[in-house]
Every structure is written in C-alpha cells, then in structure tokens.
Amino acid sequence: MAHTATHTRHLIFTPAIRIFHWLRALAILVLVVTGFYISWPFLVAPESTDVLVQGWIRFAHIVFGFVLTAVTLVRFYLFFFSRNNIERRSFKDVMSVNSWIVQLKSYLWMGHLNKAGVYGPLQFVTYVAISLMALFICITGLVLYANVYHLGLGGMLWESAAWITAQMGGLAKVRIWHHYLTWTFIVFVVIHVYMAVWSGIRFKQNSVDSIVSGYDYHKEH
Ligand code: HEM
C-alpha cells in the first residue's frame with residue numbers, strides 16, 4: 001500500500017536558533033544553581049577557609065556567565081539580521097489589536113491561532129522582556145566581575161563598570177539587582193516550559209520538538 005503523508009512540515013527554527021536556545025537553557029540552569037550557591041555557600045563550614053568549593057562554583061558561574069553574555073549578544077544580532085525572518089514577522093502581530101484578541105481567545109479554547117510569524121503577540125512580548133532581563137543580568141554580572149578581576153577584560157570594563165555602579169547607587173545595589181533578576185528567570189522558565197508543552201497539546205503543532213528538530217507539522221486538509 002502506498003504511503004500517503006497526513007502532515008506537511010516546515011522548517012521554522014534554523015540550526016543557529018536551536019543551538020543558541022539550548023546553550024542559553026544550559027547556561028541559565030548552571031547560573032541559577034551556582035549563583036544561589038555563591039549567595040549561600042552552605043557546603044563550607046564557617047570555621048574553615050582552606051576549601052575551594054566556593055572558588056570552583058564561582059569559576060563555573062563566571063564561565064557560564066560569559067557563555068550567556070555571548071549568546072545574548074549573538075541572539076540580539078540574529079533577531080535583527082538573520083536571513084530567516086520568521087521571528088521578525090511576529091512584530092506585525094504585536095502591532096495588531098486583533099492578533100492579541102485572537103491569541104488570548106485561543107488560550108481560552110475559543111478559535112485557533114492565526115499568526116504572521118512563529119510567535120503569538122503575548123509570547124513575543126514575553127521573549128522581548130526576558131531578553132532585556134538577560135541583558136541586564138549580564139551587565140550587572142560583568143560589573144561584579146570587573147570589581148574582582150582588575151586585569152584583562154575586567155580592567156577594560158573597569159571605567160564603564162564604575163560608571164554603572166555609581167548610576168545604580170553602589171556595588172551592594174548591583175549585587176542585589178543581580179540576585180532579584182535571578183528570580184525573573186526562574187518564574188519565566190516554569191511558565192515557558194508549561195506553555196511549550198501545553199500549546200503542543202492544544203494546537204497539535206509548534207510543540208517542544210520543533211526547538212529540537214526545527215520542524216513544525218501541519219495536518220493536510
Ligand atoms: C541567568 C543568569 C545569571 C544568574 C541567574 C545569576 C545569578 C547570580 C546570583 C544569585 C549571584 C549571587 C548574588 C548574591 O551574592 O546574592 C551571582 C553572583 C555573581 N554573578 Fe551571576 N548570574 C547570572 C549571570 C551572570 C553573568 C552573565 C555574569 C558575568 C560574567 C555573572 C557574574 C557574577 C559574579 C562576578 C558574581 C559575584 C560573585 C561573588 O560575589 O563572588 N553572573 N549571580
């Protein structure tokens with residue numbers, strides 16, 4: 001019997017977008033865990049100083065901090081200049097009141113999604129917000145870094161780091177903002193994973209596998 005296709009597939013996420021997505025997911029996971037440990041180093045007994053647990057965890061934090069900084073910059077570049085405009089197209093929906101209503105209704109099981117790009121307007125605005133959070137946590141992270149490492153990159157960043165520290169009202173404020181921002185990532189990841197799984201079930205397309213394989217499947221009519 002001849003095989004007939006029941007679905008068509010479209011490439012929605014380029015390899016670069018997929019690789020950077022998972023690299024960012026890994027970096028955020030490592031940074032949240034190591035960051036909280038830096039803040040509360042519970043494995044080191046108060047009377048001992050001759051242990052490098054904190055040092056190694058801090059080292060991992062800084063390595064993944066630079067990974068996140070690099071990916072954040074590349075991702076901003078790709079959003080604007082990628083040859084594939086599937087992300088940029090979603091901006092059309094953000095500017096359309098009707099698209100917002102269609103998306104919000106579809107979340108309440110009324111009607112289907114109908115979008116110009118790969119993201120719905122609410123989703124797009126959320127991603128813009130978390131990208132700005134990423135930028136801010138990278139900037140505060142680099143300021144903290146420049147205060148400890150005075151040579152090389154730390155030295156190069158020193159002038160701007162001192163200026164940012166003054167604008168933010170001192171180093172303690174920079175640290176506490178860096179800490180508060182951690183929570184925006186935790187809240188985001190929980191909702192993001194839930195919505196990714198839920199929308200795959202609700203709309204039977206554009207589910208978690210497309211950020212792995214790149215493909216989205218549509219049923220043939
Ligand atoms: C999602 C991203 C990130 C998260 C969740 C995160 C989380 C944290 C947390 C919770 C702390 C402890 C703050 C405290 O003392 O209460 C911390 C400290 C720090 N972070 Fe991050 N961070 C992130 C990104 C970065 C980046 C991009 C850099 C820059 C390379 C960076 C560099 C640092 C430095 C230098 C410290 C201070 C370490 C110390 O005081 O010894 N972080 N981070």
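Residues 180-201 are 100% helix and 0% strand, and their end C-alpha atoms lie 33 Å apart. Helices here are DSSP runs of H or I with at least four residues, strands are DSSP runs of E with at least two, and both are numbered from the N terminus. The model is a predicted one, in which local features need pLDDT of at least 70 and side-chain atom pairs count only at pLDDT 80 or more, while totals for chains, interfaces and linings use all residues. Residues are numbered from 1 along each chain as its sequence is written.

The span 180-201 is one of those that UniProt, in an unreviewed entry, lists as "transmembrane region"; the others are 21-43, 55-80 and 124-146. UniProt positions are given in the numbering used here, feature names are shortened, and annotations may be inferred rather than shown by experiment. Residues 55-80 are likewise 100% helix and 0% strand, with 38 Å between the end C-alpha atoms.

The protein chain holds eight helices and two strands, in the order β-α-α-α-α-α-α-α-α-β from the N terminus. Its C-alpha trace spans about 70 × 40 × 35 Å along the principal axes. Of its 221 residues, 17% count as buried. A residue is buried if 20 or more other C-beta atoms lie within 10 Å of its own, exposed if 12 or fewer, and partly exposed in between, with C-beta atoms placed from the backbone.

Two helices can be set side by side. The expected span of a helix is 1.5 Å times one less than its number of residues.

| Helix | Residues | End-to-end C-alpha distance | Expected span |
|---|---|---|---|
| Helix 2 | 29 residues | 42 Å | 42 Å |

In helix 1, the buried residues include Ala27, Ile28, Leu31, Thr34 and Gly35, and the buried residues of this helix pack against helix 2 and helix 7. In helix 2, Ile57, His61, Phe64, Gly65, Leu68, Val71 and Thr72 are buried, and the packing partners are helix 1 and helix 5. Two residues are in contact if their C-beta atoms, placed from the backbone, lie within 7 Å. Leaving aside neighbours within four places in sequence, Ile28 is in contact with Leu68, Phe185 and Val189.

Ile28 and Leu68 also belong to the largest nonpolar core, which has nine residues. A nonpolar core is a set of buried Ala, Val, Leu, Ile, Met, Phe, Trp, Tyr and Cys residues joined through C-beta atoms within 7 Å. Helix 1, helix 2 and helix 5 each supply at least two residues of the core. A second, separate core of five residues includes Leu144, Ala146, Ala161 and Val174.

Which residues come nearest to the ligand? Of the 25 residues around the ligand, they are Leu31, Gly35, Ser39, Gly65 and Gly141. Helix 1, helix 2, helix 5 and helix 7 each give two or more residues to this shell, where a residue counts if its C-beta atom, placed from the backbone, lies within 6 Å.

Two residues remain. Ala162 lies in helix 6 (residues 152-168) and counts as partly exposed because it has 14 C-beta neighbours inside 10 Å. Trp109 is in the loop between helix 4 (97-107) and helix 5, and its phi is near 65 degrees, a positive value in a residue other than glycine. Trp109 has 7 C-beta neighbours inside 10 Å, so it counts as exposed.
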